[in-house]
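Hi,

Here is the structure I promised to pass on. Have a look at it first, then read my notes below.

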Amino acid sequence: MGGGEFANLVRKYDDEIGFSNDITHEVAINSMDILAKLMYDKLAFSELCCSLERAQNIANSGKIPIMLCSKLILEEESLKHSWEITSDSIAAFIANELGAKLLIATNVDGIYDKDPSQADAKFINDIGVKKLLSFDESSIDLMLPVLLKEYGFDCYVVNGKIPERVLSIINEEECDFPYTFIHN
């Protein structure tokens, strides 16, 4: 889960004032913790956690772990402090650490060849990591393709505003809706 509007405000203030990469990275990640706590308040079948080991134990118990990832990520030296790293790359890092599959839920159907708000934007159903590395902008952060290549991961990108789509992919059901599959 990203930092949502809280992180967007941090980005806005950074654009206006120009804070250091370290502090904007930290505050944006703290924004993710705020939204995680709000989500937990609404989901009875979930549990908050701060460590990968605890997340695995919660998942094994049949509940959904919701990571408060600020402590874990802020101590992680391999993820650079910049706006190129968002919850997408953090999710890839955590999935790699847990040996889990990766699905990115975003606010659009998947990946487009340009900003999806442009009339001539074309939806991409299937794309290789190498091709995605050449994109200047997409609905995922710029570091995610680098990490997918490094970790040898495939990834799904789906519209998280439609929960049934997310569940269909998780449950490996036949999908008759748009989503993007990123493959190595």
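H183 in strand 8 is the bridge partner of G128, and strand 8 pairs with strand 6 (residues 126-128) in the parallel sense over three bridges. (Strands are DSSP runs of E, at least two residues, and helices are runs of H or I, at least four, numbered from the N terminus; two strands pair if DSSP finds at least two bridges between them.) Strand 7 also pairs with strand 8, over three bridges in the antiparallel sense, and there T180 of strand 8 is the bridge partner of V157.

A word on the source: this is a predicted model, where local features need pLDDT of at least 70 and side-chain atom pairs pLDDT 80 or more, while totals for chains, interfaces and linings use all residues. Residues are numbered from 1 along each chain as its sequence is written, and side-chain values use heavy atoms, without hydrogens or water.

Buried means under 20% relative accessible area, exposed over 50%, partly exposed in between (1.4 Å probe, protein chains only).

I182 is also among the residues with the most contacts inside the largest nonpolar core, which has 34 residues. Such a core is a set of buried Ala, Val, Leu, Ile, Met, Phe, Trp, Tyr and Cys residues joined through side-chain atoms within 4.5 Å. Helix 5 (87-98) is one of the elements that give two or more residues to this core, and its five residues are the largest share.

Cheers
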